[in-house]
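Here is a short tour for a first-time reader.

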Amino acid sequence: MANNYDVIIIGSGPGGYVTAIRSAQLGFKTAIVEREHLGGICLNWGCIPTKALLRSAEIFHYGQHAKDYGLTIEGKISADVKAVVQRSRGVSGRLNAGVGFLMKKNKVDVIWGEAKISKASTSAQPGEIIVSKTSKKPMEPQPPLPKNALGEGTYSAKHIILATGARPRALPGIEPDGKLIWTYFEAMVPPEMPKSLVVMGSGAIGIEFASFYRSMGAEVTVVELLPTVMPVEDAEISAIARKQFEKQGMKIITDAKVTKVEKAANSITAHVETKDGKVEKITADRLISAVGVQGNIENLGLEALGVKTDRGCVVIDGYGKTNVPGIYAIGDVAGPPMLAHKAEHEGVICIEKIANFPGVHPIEKDKIPGCTYCQPQVASVGLTEAKAKENGREIRVGRFPFAANGKAIALGEDQGLIKTIFDKKTGQLIGAHMVGAEVTELIQGFVVAMNLETTEEELMHTVFPHPTLSEMMKESVLDAYGRVLNA
């Protein structure tokens, strides 16, 4: 029957569509179900469009500081927020269409609608999903459906993979309303540039939007519950980033929480309580709620089938298998780290394990890099210095500042740090942490090194090109062993 498949993937974000492509490559008859937009949150409302916004903010920043580079720009540099948003949406639209092309190219059927698993597979029969008309209301006009898209109906597959992603978490009493209290959805398409903002949460999403709006001229206050901004990062890196944010005029309040939000016609007043019990009232045009995300596990039929979940995510083994045969989960819905690149790799592992492809092994989460595209950028992989010590490791720590690097000085980007952490006994690289220009592009060098179980000696004998920012990576290694050359 036409509605029978080997593999059906629910959700077409980075994890879902990459898994579908790999599934087709492995010879499986494959379909993917999507309720809203090909490419999921990442391509449409997350990773990609935010980078387009941040690029516009970066160019705006350089224009304002043209004199620092010996240049004069006639007239006043101004920002057209509608044009900035339009460019960002255009980038997303292009990639959305690209996913549709890839599905067609790889002969993956696209099923349009909301999926619910009605039966799990058994040795005698495949699993079953029921696809109904989507109830999701898009925030903007959607591109036309792929010409070969299928619709409502019942579909079967031996293997059903959940790749339904996650959505913004809401705090009770401070729920987003789309007008005064925003999630990243509304923050990405402001109808006009707010003059002031409160950003609740300083993780990657919160800090990226704080950085964007501050660069565009808004007064920004960031409120963070924990003692440091970007609390998952190494404390030393976080402190350097905070200093740069504050130098740009961003106000940061840590060890604090927003306990109440009063709404006026076109503004909010946030009640910010610090750990000593003092309350400060901050009035701003808008508040962005960036207090994390939660997995999309509802209305999928999981509870009736007995699929185990924990804290809003599906519980899986190292290969994406749930406790129910024939049902798998990958990406954000399967828990942290909630990163697009983790979802993609997790999906490939899952489908290759299903196919008994040789050499498959579980993902090593301590070797997954994290990147935040604020100004300055922050990137990291592996253990922080504090975590390494907490684990009882004897370590060597190397540091190299941007201020001592010729390329960084030439770029006018001489504020930042490269930090490396090695196991003192074995010389194994166990952590790398960076803050500064283009570190989101540099971090992968250390990720490759860690994946290959590289030691300090091998890194020291690697020749890095000059003049580059990457030279700082080697210098940081040399510093860990008392051999630094240029600082």
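How many disulfides does the structure hold? It holds one. A disulfide here is a pair of cysteine sulfur atoms within 2.5 Å. The model is predicted: local features need pLDDT of at least 70, side-chain atom pairs count only at pLDDT 80 or more, and totals for chains, interfaces and linings use all residues. Residues are numbered from 1 along each chain as its sequence is written, and side-chain values use heavy atoms, with hydrogens and water left out.

The partners are C42 and C47, with sulfur atoms 2.3 Å apart. Their link is left-handed, with -130° about the S-S bond. C42 is buried at 12% relative accessible area, while C47 is partly exposed at 29%. Buried means under 20% relative accessible area, exposed over 50%, and partly exposed in between (1.4 Å probe, protein chains only).

C350 is in no disulfide; its nearest cysteine sulfur belongs to C313, 16 Å away. C350 is buried, at 1%.

## Aromatic pairs

The whole structure contains six aromatic pairs. Rings of Phe, Tyr and Trp (its six-membered ring) pair if their centres lie within 6.5 Å; planes under 30 degrees apart count as stacked, over 60 as edge-to-face and the rest as tilted. One of the pairs is W182 with Y213, tilted, at 6.3 Å centre to centre and 45° between the planes. W182 lies in strand β8 and Y213 in helix α6, so the pair ties together parts 31 residues apart in sequence. Helices (H or I, at least four residues) and strands (E, at least two) are DSSP runs, numbered from the N terminus. W182 is buried at 4%, and Y213 is buried at 0%.

F422 and Y481 pair edge-to-face, at 5.6 Å and 70°. F422 sits in strand β23 and Y481 in the segment after α14, 59 residues apart. Both are buried. Elsewhere, W45, Y184 and F185 form one aromatic cluster.

## Charges over rings

The charged end of R22 sits over the ring of F357, 4.9 Å from its centre. K29 lies over the face of Y5, at 4.8 Å from the ring centre. The test asks for NZ of Lys or CZ of Arg within 6 Å of the ring centre and within 35 degrees of the ring normal.

## Around E385

E385 is found in helix α10, residues 385–390. It is buried, at 16% relative accessibility. Its contacts (heavy atoms within 4.5 Å) include D234, R399 and K419, not counting residues up to four places away in sequence.
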